[in-house]
Amino acid sequence: LDELCRELDRLDPAARRSIDCRNQRRVIRAVEIVRLTGRPLAESRAQPPPSARPGPAAWPRFFCLSRTTEDLRRRIDARVDAMFAAGLVEETRGLLGHGLADNPAALQALGYRQAVEFLNGVRTLPETIELVKARTRQFARRQRMWFRHQAAAEWLRLAPEDGAATTAEAIRIRLEQAGRTPETG
């Protein structure tokens, strides 16, 4: 990490001053961006993505799927219940035996940290399950906010009963309406 911080200081002193060198993930990402682009981090961030530039490529490059809050909550709750029913606690116990506790990035994954805390007696299993549900809903909210600020995204609202086939058909229709097909890009 120290070596990467020195490299960042050499390649992009302004980025080095703005990034906490104790945050390994941010340091690695900053060095990666500077190495890949050959430009300072601030300059790379200032450049709009190709999908946001004027011209034919400005039509949506990707679709964002959204659901009502109630539907999303129900789906998240069901998914978390299924994760625990499928053995998340036992999986976590096994991973702890293989070094999970020594991997801070892995412990950031939704569910693992809370399962470790349950195994350490911090809270009961029902409290742990509810906490994972709450954290997952918070994560979904942050994802929606992040995607709202992305250029050239086309939003599609899905009904609770909409599955993969219905969603694919809705996307096909939107592309067709815009004169875009898989053949034309």
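What is the volume of the second largest pocket?

**View 1. Lining of the second largest pocket in the predicted model****.** The volume of the second largest pocket is about 380 Å³. Its lining comprises 19 residues, of which L72, I76, A140, Q143 and R144 lie closest to the pocket centre. At least two lining residues each come from strand 1 (62-66), helix 5 (69-85) and helix 8 (125-148). Helix 8 provides the largest share of this lining, with seven residues. Sorted by class, the lining of the pocket contains twelve nonpolar, three polar and four charged residues.

**View 2. Packing of helix 5 against helix 8****.** The axes of helix 5 and helix 8 are 9 Å apart and form an angle of about 135°. The two helices are therefore oblique to each other, and helix 5 crosses helix 8 in a right-handed sense. On the helix 5 side, the contact is made by L72, R73, I76, D77, V80, D81 and F84. On the helix 8 side, L125, T128, I129, V132, K133, T136, R137, A140 and R144 take part. By class, eight residues of this contact are nonpolar, two are polar and six are charged. L72, I76, A140 and R144, which belong to this contact, are also among the residues closest to the centre of the second largest pocket.

**View 3. Packing of helix 7 against helix 8****.** An angle of about 165° separates the directions of helix 7 and helix 8, and their axes are 9 Å apart. Helix 7 is therefore roughly antiparallel to helix 8. The crossing of this pair is right-handed. Helix 7 contributes Q114, A115, E117 and F118, which meet L125, T128, L131, V132 and R135 of helix 8. Five nonpolar, two polar and two charged residues make up the contact. Within helix 8, L125, T128 and V132 meet helix 7 and also take part in the contact with helix 5.

**View 4. Packing of helix 6 against helix 7****.** Helix 6 (residues 88-96) and helix 7 (residues 112-119) pack at about 85°, with 9 Å between their axes. This angle makes helix 6 roughly perpendicular to helix 7. From helix 6, the residues L88, V89, E91, T92, R93, L95 and L96 meet Y112, A115, V116, F118 and L119 of helix 7.

Notes: Residues are numbered from 1 along each chain as its sequence is written. This is a predicted model: local features need pLDDT of at least 70, side-chain atom pairs count only at pLDDT 80 or more; totals for chains, interfaces and linings use all residues. Side-chain values use heavy atoms; hydrogens and water are left out. Axes are lines fitted to C-alpha atoms, for helices over the stretch in contact, and angles run from 0 to 180 degrees between N-to-C directions. Helices (H or I, at least four residues) and strands (E, at least two) are DSSP runs, numbered from the N terminus. Angles under 35 degrees count as roughly parallel, over 145 as roughly antiparallel, 65 to 115 as roughly perpendicular and the rest as oblique. Contact means heavy atoms within 4.5 Å. On a 1 Å grid over the protein atoms alone, a cavity is a set of points where a 1.4 Å probe fits but cannot get out, and a pocket is an open set with protein on both sides within 12 Å along at least five of seven lines; lining residues have an atom within 4 Å of a point. Grid points are joined across faces, edges and corners, and a volume is the space filled by probe spheres set on the points. Ala, Val, Leu, Ile, Met, Phe, Trp, Tyr, Cys and Pro count as nonpolar, Asp, Glu, Lys and Arg as charged, and the others, Gly among them, as polar. A crossing is left-handed if the near helix is turned anticlockwise from the far one by less than a right angle, and right-handed if clockwise.
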